[in-house]
Amino acid sequence: MEARRQFRNWDVYLRPSPYAILVRRWDKVSQTPGKSWPRSVGRDLPPGLLGPVAYTGQAMQSIADLRTSYERDELDEAASAADPRLQFELWLQQALDAKLPEPTAMTLASVGADSRPSTRVVLLKGNDARGLVWFSNYRSRKGRELEANPFAALQFHWVELERVVRIEGRVEHTDAAESDAYYKTRPLDSRIGAWASPQSDVITSRAVLVANAAKVSARYLLNPPRPPHWGGFRLVPDRWEFWQGRRSRLHDRLVYRLVEDAWQRERLAP
Ligand SMILES: Cc1cc2nc3c(=O)[nH]c(=O)nc-3n(C[C@H](O)[C@H](O)[C@H](O)COP(=O)(O)O)c2cc1C
């Protein structure tokens, strides 16, 4: 059992032993851990007593205290586009202009035949009136889940802009020509990787990947063709949500639903 004591802007964790275990400097202004954390004090400390094990549980309390007030922008019915795709393009462009890290990274949620949801991050590679496109391995976990249940959800979280976009709809494979066209634009090591990695399968070690990549390189040299099990997915949206963080947790949420081929926009409570 540890005890937590606060002293000015220090959190001190004590263990029932002669040792004072951890001291954490807490930055009161930014509400983030100070640079010196974790720091240990004590004498003759047995090896292994300090470190993550000593503070894991207590750190949760500090996480619960973290709060940000969202005040950058607002989203209202009058200023948003009637077509959600245009609204998305505007926000995506703003995320690109803001030079955010990985602005096209989106979380993809799928649900397998066993009804259990799973998520992972993929990169948006195409976006037009037909839907949103990413590329992956059709035999991967996501590939198998989308095969069994072709409905998915995507989510962008542009933290610095205090924005989230959620998109739901049906997923299909892009046609072979579209997959080929994108595959050809990839760097050689990525094209080899598409062959070398049996994505989502258990492998005995990293050496398997390296050996696979060497075999693929020797076989195809500079021109590996697109593997038949690798290609594009397109989500055809029937629901979009745009979330803009606002002060006092009174965030803006505009949802667009496709009703008889027309987009209906509604506001949701935050
Ligand atoms: C920023 C980022 C981008 C990624 N982009 C892709 C991608 O476009 N396609 C892909 O298959 N995996 C991508 N990955 C890896 C996936 O998140 C995931 O590990 C992989 O697709 C296997 O997922 P699965 O086992 O659920 O099928 C990306 C990971 C990160 C962190």
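Here is a short chat about how the labels on this predicted model come about.

Reader: What makes up the protein overall, in helices and strands?
Author: There are six helices and 14 strands. Buried residues account for 21% of the 270 residues.

Reader: Why is Glu-172 called partly exposed?
Author: Count its neighbours: Glu-172 has 15 C-beta neighbours inside 10 Å. Buried takes 20 or more and exposed takes 12 or fewer, so with 15 Glu-172 lands in between and is called partly exposed. Glu-172 sits in strand β11, residues 163-173.

Reader: What does Glu-172 touch, once its neighbours within four places in sequence are left aside?
Author: Pro-150, Arg-234 and Val-236. Arg-234 is 62 residues from Glu-172 along the chain, yet their C-alpha atoms are separated by 5.3 Å.

Reader: And Leu-90, what makes that one partly exposed?
Author: Leu-90, in helix α2, has 13 C-beta neighbours inside 10 Å. An exposed residue has 12 or fewer and a buried one 20 or more, so 13 makes Leu-90 partly exposed. Ten residues along the chain from Leu-90 is Ser-80, and the two C-alpha atoms are separated by 9.7 Å.

Reader: How do you know that β6 pairs with other strands, and which ones are they?
Author: Pairing needs at least two bridges. Seven bridges join β6 to β7, and four join β6 to β10, residues 151-158, so both pairs qualify. β6 runs antiparallel to β7 and also antiparallel to β10. On the β7 side, Ala-109 has Thr-119 as its bridge partner, and Val-111 stands opposite Pro-117. On the β10 side, Ser-110 stands opposite Ala-152.

Reader: Which residues make up the covered and uncovered faces of β6?
Author: Met-106, Leu-108 and Ser-110 form the covered face. The uncovered face has Ala-105, Thr-107, Ala-109 and Val-111.

Reader: What lies between β6 and β7 in their hairpin?
Author: Five residues lie between the strands, and Ser-115 takes a positive phi near 70° in this hairpin.

Reader: Why is β7 called hardly covered?
Author: The count of buried residues among its seven residues is zero. Being buried takes 20 or more C-beta neighbours, so no residue of β7 gets there.

Reader: What does β7 give to the shell around the ligand?
Author: Five residues, the largest share of that shell. Of the 15 residues around the ligand, Ser-136, Ser-140, Arg-141, Lys-142 and Ser-200 come nearest. The elements giving two or more residues to the shell are β7, β9 (131-137) and α3 (141-148). By class, the shell has six nonpolar, five polar and four charged residues.

Reader: What makes the largest nonpolar core, and which residues have the most contacts inside it?
Author: It takes buried nonpolar residues joined through C-beta atoms within 7 Å. The largest such core has 23 residues, and Ala-152, Leu-154, Val-165, Ile-167, Phe-233, Leu-235 and Trp-240 have the most contacts inside it. Elements giving two or more residues include α2, β6, β10 and β11, while the largest share, five residues, comes from β12. In soluble globular proteins, nonpolar side chains do tend to be buried together.

Reader: Which residues does Val-165 touch, not counting those up to four places away in sequence?
Author: Phe-88, Trp-91, Phe-156, Trp-240, Glu-241 and Phe-242.

Reader: Which residues of helix α5 are buried, and what covers them?
Author: In α5, residues 188-196, the buried ones are Arg-191, Ile-192, Ala-194, Trp-195 and Ala-196. Their cover includes α4, α6 and β12. A second, separate core of five residues includes Ile-192, Ala-194, Trp-195 and Trp-230.

Note on methods
Residues are numbered from 1 along each chain as its sequence is written. This is a predicted model: local features need pLDDT of at least 70, side-chain atom pairs count only at pLDDT 80 or more; totals for chains, interfaces and linings use all residues. Two residues are in contact if their C-beta atoms, placed from the backbone, lie within 7 Å. A residue is near a molecule or strand if its C-beta atom, placed from the backbone, lies within 6 Å of it. Ala, Val, Leu, Ile, Met, Phe, Trp, Tyr, Cys and Pro count as nonpolar, Asp, Glu, Lys and Arg as charged, and the others, Gly among them, as polar.
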